[in-house]
Amino acid sequence: MPRDVLVTEVTAGGVPAHWLDAPGTDTGRVLLFLHGGGYQLGSLRSHGELAARLGRASEMRVLFPEYRLAPEHPFPAAIDDVLAAWRWLRAGQDVSAGSIALAGDSVGGGLAVALLVAVRDGGQALPAAAALMSPAVDLTSSGASMTERADQDPIFTPAMIRQIDSDYLAGADPTTPLASPLFAPLAGLPPLLIQAGTAELLLSDSERLAKAAAEAGVDVTLQIGEGLPHVYQSMLGTPEAAEATEQIGKFLRARVR
Amino acid sequence: MGGDVRGERELSAAAGLAVITPGRARFPVGLLAAQAEGEPPMPSQAMQNLIDAFRDRQKARARQARPSLEELRAAFAPGAVSIRCLATCW
């Protein structure tokens with residue numbers, strides 16, 4: 001975690017969480033950051049730097065919930081916790097929906113889309129925007145890249161992805177929208193920025209999500225990095241991560257009031 | 001992958017990102033459009049070093065027993081940070 005970022009523990013609707021405040025950020029605007037890690041791993045320690053960097057780039061304070069992890073807490077524990085944190089932000093902290101954006105990497109990106117779907121279906125006001133980094137939105141693993149990119153992904157194998165999905169679902173229907181929001185109707189969602197790399201098994205998740213969102217009338221931007229791996233935004237010290245961070249910051253600054 | 005409608009494309013040469021902004025009622029899908037226009041950027045040397053390290057780790061992992069979930073959680077960090085724990089994390 002950067003030394004100049006103030007970290008404050010908080011309980012967000014019963015969910016352990018942290019506020020991350022970089023100097024100069026607007027505390028009236030909140031970036032709800034949902035970490036990746038295959039629903040089994042991930043914490044402030046692993047993802048705090050990325051979350052703080054996005055908060056700095058977007059000039060927003062960050063709420064970082066530590067949602068419950070599988071396999072001890074399978075679906076729908078993670079999305080339940082994320083929804084609880086959202087409700088706490090809205091009702092408990094009185095933050096307007098238009099002053100909140102979502103960001104998530106990998107399964108955190110999937111959780112972000114699931115949150116949008118749930119909030120929309122609940123008839124509530126939606127966040128202003130969402131930035132999704134290599135989002136995992138199809139737990140059926142049916143994307144073409146699962147096979148076509150198998151020899152290019154330096155991090156995952158198809159078997160690893162399937163095991164991650166299975167451990168999280170624990171028997172739940174893999175097409176259920178709150179686990180695989182690719183299968184949810186997407187109309188009415190706020191602007192989405194989706195970033196992915198061509199060297200990842202989950203590339204098709206991003207492409208199909210962008211296509212479905214665009215066809216549903218959502219304002220969506222898809223950025224594909226040639227030769228880049230899963231969640232390359234986290235690869236600190238690379239120009240690709242720096243550029244992606246700036247792109248996300250620019251996207252969010254333009255959309256969150 | 002891919003539709004038959006072209007999207008707006010910008011190129012961020014500094015970082016090799018193909019940026020595709022589909023319009024509301026049309027969708028390109030970017031990768032094909034980007035490649036059709038040539039100049040697919042390559043990863044930077046810093047990124048390539050990380051990719052190579054990930055590949056080495058992937059090969060090593062195939063020869064090793066999978067660490068326990070507790071070990072994975074203790075060691076997990078995405079991206080460059082995780083290079084410090086190549087032997088144990090995903």
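Buried residues make up 33% of the 90 residues in chain B; a residue is buried if 20 or more other C-beta atoms lie within 10 Å of its own, exposed if 12 or fewer, and partly exposed in between, with C-beta atoms placed from the backbone. The model is predicted, so local features need pLDDT of at least 70 and side-chain atom pairs count only at pLDDT 80 or more, while totals for chains, interfaces and linings use all residues. Residues are numbered from 1 along each chain as its sequence is written, and chains are lettered from A and ligands numbered from 1 in the order in which they are written.

**Chain B**

Chain B has three helices and two strands, in the order β-β-α-α-α along the sequence. Helices (H or I, at least four residues) and strands (E, at least two) are DSSP runs, numbered from the N terminus. Among contacts in chain B between residues at least 6 apart in sequence, 38% join residues at least 24 apart; two residues are in contact if their C-beta atoms, placed from the backbone, lie within 7 Å.

Helix 2 of chain B covers residues 45-63. Its 19 residues should span 27 Å at 1.5 Å a residue, and the end C-alpha atoms are 28 Å apart, which agrees. The expected span is 1.5 Å times one less than the number of residues. The buried residues of this helix are B:Met47, B:Leu50, B:Ile51, B:Phe54 and B:Arg57. Seen down the axis of helix 2 of chain B, they fall within an arc of 120°, so they line one face of the helix; the arc is that of the directions from the helix axis to the C-beta atoms. On the other side of helix 2 of chain B, the exposed residues include B:Gln45, B:Asp52 and B:Lys59. Helix 7 (239-253) of chain A is included in what covers the buried residues of helix 2 of chain B.

**Helices of chain A**

In helix 6 of chain A (residues 203-215), the first and last C-alpha atoms are 19 Å apart, close to the 18 Å expected for 13 residues. Of these 13 residues, 11 are buried, among them A:Leu203, A:Asp205 and A:Lys211. Their cover includes helix 4 (145-148), strand 7 (192-197) and strand 8 (220-225) of chain A. After helix 6 of chain A comes A:Gly217, with a positive phi near 90°.

The axes of helix 2 (residues 77-92) and helix 3 (residues 107-121) of chain A come within 10 Å and cross at roughly 65°. The contact is made by residues including A:Val82 and A:Trp86 of helix 2 of chain A and A:Leu111 and A:Leu115 of helix 3 of chain A. The residues of this contact divide into 10 nonpolar, no polar and no charged. Axes are lines fitted to C-alpha atoms, for helices over the stretch in contact, and angles run from 0 to 180 degrees between N-to-C directions. Ala, Val, Leu, Ile, Met, Phe, Trp, Tyr, Cys and Pro count as nonpolar, Asp, Glu, Lys and Arg as charged, and the others, Gly among them, as polar.

**Loops of chain A**

| Peptide bond | Form | Omega |
|---|---|---|
| A:Ala70 to A:Pro71 | cis | near 0° |
| A:Phe75 to A:Pro76 | cis | near 5° |

A:Pro71 is in the loop between strand 4 (60-65) and helix 2 of chain A, and A:Pro76 lies in the loop between strand 4 and helix 2 of chain A. A:Ser134, not a glycine, has a positive phi of about 45° and is buried, with 31 C-beta neighbours inside 10 Å.
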